[in-house]
Amino acid sequence: MDSTLLKFALPGLVVLAISTCPAVAVEQNCRFIQAKPEREACYKRQEDELAAKRKRAPAIAESNTLGTLRQMRQDDDAVHRSINNICRGC
């Protein structure tokens, strides 16, 4: 079982590490642009991308929260049904 975990976890970590590196590199590149209009345009693009990411994040978090609450409600209902069946007439 450990070898199976290692087979899947190691490549997953490598992919994660590779995918995060270019994002950091893109943010650093604007500082080194010499022409002021181009540098400001680069910063503006980054700001727009960051705003778009922030706008998507709450929608995803809200759907996860709603699903979690729905699942908790189903679990609570199941527990209450089982408790009511245990002690009838005690």
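Biologist: How many disulfides does a search of the whole structure find?

Modeller: The search turns up 1 disulfide. Keep in mind that this is a predicted model.

Biologist: What makes Cys30 and Cys42 a disulfide?

Modeller: Their sulfur atoms sit 1.7 Å apart. The cut-off for a pair of cysteine sulfurs is within 2.5 Å, so the pair qualifies.

Biologist: And why is the disulfide of Cys30 and Cys42 called left-handed or right-handed?

Modeller: Look at the torsion about the S-S bond: it is about -65°, so this disulfide is left-handed.

Biologist: Which parts of the chain does the pair link?

Modeller: Distant ones, with the two cysteines 12 residues apart. Cys30 is in the loop between helix H1 (2–29) and helix H2 (36–86), while Cys42 belongs to helix H2.

Biologist: Are Cys30 and Cys42 buried or exposed?

Modeller: Both are buried. That label calls for under 20% relative accessible area, and buried residues make up 3% of the 90 in the protein chain.

Biologist: What about the overall fold, how many helices and strands are there?

Modeller: The protein chain has 2 helices and 0 strands. Its accessible surface comes to about 8,300 Å², with 62% of that belonging to carbon and sulfur atoms.

Biologist: On to the charged side chains. How many salt bridges does the structure hold?

Modeller: There are 3 salt bridges.

Biologist: Why is the contact of Asp48 with Lys44 called a salt bridge?

Modeller: The closest N and O atoms are 3.6 Å apart. A Lys or Arg nitrogen has to be within 4 Å of an Asp or Glu carboxyl oxygen, so Asp48 and Lys44 pass.

Biologist: How do you know that Asp48 and Lys44 are about one helical turn apart?

Modeller: They are 4 residues apart in helix H2, which means a separation of about one turn.

Biologist: What makes Asp48 and Lys44 partly exposed?

Modeller: Asp48 has a relative accessibility of 42%, and Lys44 has 44%.

Biologist: Next, how far apart are the closest N and O atoms of Arg73 and Asp77?

Modeller: They are 3.8 Å apart, and the two residues form a salt bridge. Both lie in helix H2, 4 residues apart, about one turn of the helix.

Biologist: Which residue meets Glu40 in a salt bridge?

Modeller: Lys36, with 4.0 Å from N to O. Glu40 and Lys36 both lie in helix H2, 4 residues apart. Glu40 has a relative accessible area of 45%, so Glu40 counts as partly exposed.

Technical notes: Residues are numbered from 1 along each chain as its sequence is written. This is a predicted model: local features need pLDDT of at least 70, side-chain atom pairs count only at pLDDT 80 or more; totals for chains, interfaces and linings use all residues. Side-chain values use heavy atoms; hydrogens and water are left out. Buried means under 20% relative accessible area, exposed over 50%, partly exposed in between (1.4 Å probe, protein chains only). Accessible areas come from the Shrake-Rupley method with a 1.4 Å probe; for residues, only the protein chains shown count as cover.
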